[in-house]
Amino acid sequence: MANPNVSQLLTTTLDNYKPEIISNILNNHPLLNRLQAKGNIIKASGGATFQEKISYASNGTVQSQGEYDTFNTTPQDVLSTATFAQKIITGTMTMTDLEMKQNSGKEAFINLAEAKKKVLIESLKNYLGSQIYADGTGSGGKEIGGLQLLIADAPTSGTVGAINRANYSVWQNKLYDFSVESVTASSSTIQSAFNTLWTRCQAQAGELPDLIAADSVYFSYFETSLQTVQRITDPAIGALGFSSYKYKNADVFYDPECPASHAYFINTNHVFLKYLGKDLLEVGETMRPVNQNAYVTPIVFTGNMTIDNARVHGVMHA
């Protein structure tokens with residue numbers, strides 16, 4: 001039989017740790033850290049999906065005209081709203097009856113809870129770090145639609161936000177494919193490739209990538225290409241434990257979770273992490289399974305990554 005005092009104590013304990021867990025997750029990745037700084041980690045008010053009003057400039061009625069010329073009233077087949085599914089990520093902290101008996105004193109219990117909390121934090125950080133790059137198809141379509149979906153290797157096909165990219169060029173991210181460009185990726189070609197993709201991402205005036213996530217191969221090429229005097233690092237990203245350099249106004253960092261031979265040029269003004277609930281993570285009520293001598297306290301994220309502008313981002317791959 002469940003002990004209500006134990007259940008309440010475990011729920012309260014994990015709930016008290018929740019701010020620390022959230023802080024560790026958001027401060028463990030440059031993209032999440034940047035989105036938080038820009039106010040782009042957003043609590044949604046509700047609804048069955050996340051909606052994004054699409055930000056673009058492509059209305060064919062804009063024209064120069066004479067004093068008595070008529071307005072161009074041609075109906076515009078324009079995009080207006082992208083719709084993103086809501087995904088669920090969970091983790092649990094468990095306490096068995098044996099552990100409770102072995103740590104029956106208050107101090108021992110707190111030490112045990114602290115140890116379990118640390119394991120939960122690391123597991124959530126690692127999982128969400130990989131989900132940032134997910135394409136939304138993993139685990140039977142239950143995973144987050146991350147950068148492999150939002151900034152796709154094949155930007156002219158597939159569906160993002162319930163919109164078929166093949167039908168709308170304004171909903172296609174930019175691409176630098178070494179094989180298509182007939183260029184071999186190396187330390188001697190990487191900066192030229194960066195320059196080309198950077199220019200392509202400037203599809204709208206004043207819109208520039210500000211964060212570039214690279215795998216070990218492309219980051220190594222970029223690092224090797226730099227002269228000693230050019231090796232300017234960003235201390236904020238370095239403080240998160242990521243190696244980083246500056247390219248123009250963007251921070252370039254190596255992420256071990258980035259797909260092999262990839263670099264993502266991200267305009268973080270147009271990327272969001274949206275969630276439902278009071279906080280980014282919600283602590284559920286501690287439960288006691290009927291067939292186990294244990295207590296289980298769940299922690300839940302309900303949300304997804306979204307974008308409101310596709311063509312200001314880019315991806316580089318071979």
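Predicted model: local features only at pLDDT ≥ 70, side-chain atom pairs only at ≥ 80, totals over all residues.

Student: Let's start with the helices. How do I describe a packed pair?

Tutor: Two packed helices are described by the angle between their axes and the distance between the axes. Here, take helix 8 (residues 190-200) and helix 9 (residues 216-225): their axes come within 9 Å and cross at roughly 105°. Angles of 65 to 115 degrees count as roughly perpendicular, so helix 8 and helix 9 are roughly perpendicular to each other.

Student: Which residues of helix 8 and helix 9 meet?

Tutor: Helix 8 brings Ile190, Gln191 and Phe194, and helix 9 brings Tyr218, Tyr221, Phe222 and Ser225. Sorted by class, that contact has five nonpolar residues, two polar ones and no charged ones.

Student: Now a single residue. Is Tyr176 buried or exposed?

Tutor: Buried means under 20% relative accessible area. Tyr176 has 5%, so Tyr176 is buried. You'll find Tyr176 in strand 7 (residues 174-177).

Student: What does Tyr176 touch, leaving out residues up to four places away in sequence?

Tutor: Its contacts include Ala193, Thr196, Leu197 and Arg200, and also Val315, Met316 and His317. Glu181 and Val183 are on the list too.

Student: On to the cavities. How do I spot empty space?

Tutor: Rolling a probe the size of a water molecule over the atoms shows where empty space is left. In this model, a search of the whole structure finds two cavities of 30 Å³ or more.

Student: Which elements give two or more residues to the lining of the largest cavity?

Tutor: Helix 1 (4-26), helix 4 (106-131) and strand 14 (294-307). Among the lining residues are Ile25, Leu26, Leu128, Gln131, Phe301 and Met305. By class, the lining has ten nonpolar residues, one polar and no charged.

Student: And what lines the second largest cavity?

Tutor: Ile25, Asn28, His29, Leu32, Lys125, Leu128 and Gly129. Helix 4 gives the largest share, three residues. This lining divides into three nonpolar, three polar and one charged. Look back at the largest cavity, and you'll see Ile25, Leu32 and Leu128 in its lining as well.

How values were computed. Residues numbered from 1 in each chain as written. Heavy atoms only, no water. Axes fitted to C-alpha atoms, helices over the stretch in contact; angles between N-to-C directions. Helix = DSSP H or I, 4+ residues; strand = E, 2+ residues; numbered from the N terminus. Parallel < 35°, antiparallel > 145°, perpendicular 65-115°, else oblique. Contact = heavy atoms within 4.5 Å. Nonpolar A, V, L, I, M, F, W, Y, C, P; charged D, E, K, R; others polar. 1 Å grid on protein atoms, 1.4 Å probe; cavity = no way out; pocket = protein on both sides within 12 Å on 5 of 7 lines; lining within 4 Å. Points joined across faces, edges and corners; volume = space filled by probe spheres on them. Buried < 20%, exposed > 50% of the residue type's maximum accessible area, 1.4 Å probe, protein only.
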